[in-house]
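The stops below say what to select and what to look for.

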Amino acid sequence: MTSDGGGGGKRNRSGATPLPSLPHKGGGAPRLDLGEASHRRLNPLTGEWTVVSPHRMQRPWQGKREALAAAPSLAYDPGCYLCPGNLRASGARNPDYPHTFVFDNDFAALHLDAPSDRIEDGLLVAEGESGLCRVLCFSPRHDLTLAQMAVADVERVVDAWVEETINLGSREGVASVQVFENRGEIMGCSNPHPHGQIWATRHLPNELEKETRRQTEYLLERGRVMLIDYLEQELNRGERIVFSNAHFVVLVPFWAVWPFETMILPRRRIGGFDELRPAEKPALASALTELTQRYDRLFDVSFPYSMGFHQKPTGGAVHAEWQMHAHFYPPLLRSATVKKFMVGFEMLASPQRDLMPEAAAARLREAAG
Ligand SMILES: [Zn+2]
Ligand SMILES: [Zn+2]
């Protein structure tokens, strides 16, 4: 039995410059070359791992190619239930809104008056879940995406997220306000009119529960805020930073699952939308515009994604552990028509990626306008 105990001398098969090695426990030079060897990376926010396989990107693609939906060309569509002045299926008529417009989803998944009982019968456990589902039209224009809207108009979207977070968060029986957008038919979004959703729920949803627990543990153990420490490490290394402005940094997280996954992180500690200072709103709007424009340039297509903001639970507590942030999860892998599938090992075991997060960040840096 030979064991590879030799340490150094590892060559990078692709000829690319190896990534700087991470410091490792035990002293001496680490044998794990992240640019060369398969490995897994920890997401400290959730405690979950992603498998990274740097050598697999060269394999030929013979799989599914997605058909591209044509971009809408109409500024106003008389058949769209989100356009100003139009009638919705519920019978309500949209106002002639000049900027953003928020309303209760006509087919809401949750209602505020749902009973809150808990039923437990051995392993069969259920409890009432109540909440509110709101729809936010980003703009009266049917044909614009976040990437195409003026930064001042995207700032109005940020204002609406602030307002909804405060209003919904102050209601009885609401523990969390989740802001999100599904963009593109490939993500299951049937209406091209630019809009997002805001769901307020009585319980913390899974992702928020995990992130709250992990950030709390980190604060208790080290007396520091996890994502502030993380941002500092990333800014020092630089290899996964896409761009930044005075108040926000956009990066591909070390543990990214989706090919071009990114996060928007504030530079100072901000628990949620309600804590944003006036100067931070245009900076966030500008970061959103810049990021979505870079995505569109990457494969020369209106880039699909699911995005959303994670913020502290509502209810008035300080939540000193919490750092608000946005996640962008775009499904495209190597062109406008080749999508990453989360199947097989990824469904049953652990997410896996071939494109290095560092390479994805470099591509997004190059996609500057
Ligand atoms: Zn419309
Ligand atoms: Zn998060």
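Start with strand β1, residues 39–43: His39, Arg41 and Asn43 make up its covered face, while Arg40 and Leu42 lie on the uncovered one. Keep in mind throughout that this is a predicted model.

Look across from Arg40 to find Val51 of β2 standing opposite. Between the strands of this hairpin lie 4 residues, and Gly47 in the turn has a positive phi of about 80 degrees.

Next, select the zinc ion (ligand 1) and show its donors: SG of Cys80, SG of Cys83, ND1 of His142 and ND1 of His193, at 2.0 to 2.3 Å. The angles among the 4 donor atoms are 104 to 115 degrees, and the site is tetrahedral. Along the sequence the donor residues follow the spacing C-x2-C-x58-H-x50-H. Cys83, in the loop between β2 and β3 (101–104), and His142, in the loop between β6 (131–137) and α1 (151–169), are 59 residues apart and link distant parts of the chain. Cys83 counts as buried because its relative accessibility is 0%; His142 is also buried, at 3%.

Finish at helix α2, residues 206–222. Its 17 residues should span 24 Å at 1.5 Å a residue, and the end C-alpha atoms are 24 Å apart, so the two agree. Colour its buried residues: Leu208, Lys210, Glu211, Thr212, Gln215 and Tyr218. Just after the helix, Gly223 takes a positive phi of about 70 degrees.

Key: Residues are numbered from 1 along each chain as its sequence is written. Chains are lettered from A and ligands numbered from 1 in the order in which they are written. This is a predicted model: local features need pLDDT of at least 70, side-chain atom pairs count only at pLDDT 80 or more; totals for chains, interfaces and linings use all residues. Side-chain values use heavy atoms; hydrogens and water are left out. Helices (H or I, at least four residues) and strands (E, at least two) are DSSP runs, numbered from the N terminus. The expected span of a helix is 1.5 Å times one less than its number of residues. Buried means under 20% relative accessible area, exposed over 50%, partly exposed in between (1.4 Å probe, protein chains only). Two strands pair if DSSP finds at least two bridges between them. Donors are N, O and S atoms within 2.8 Å of the metal (3.2 Å for Na, K and Ca); water is not among the atoms, so sites may look incomplete. Four donors count as tetrahedral if all angles lie between 85 and 135 degrees; four count as square planar and six as octahedral if opposite donors are over 155 degrees apart and all others between 65 and 115; anything else is irregular.
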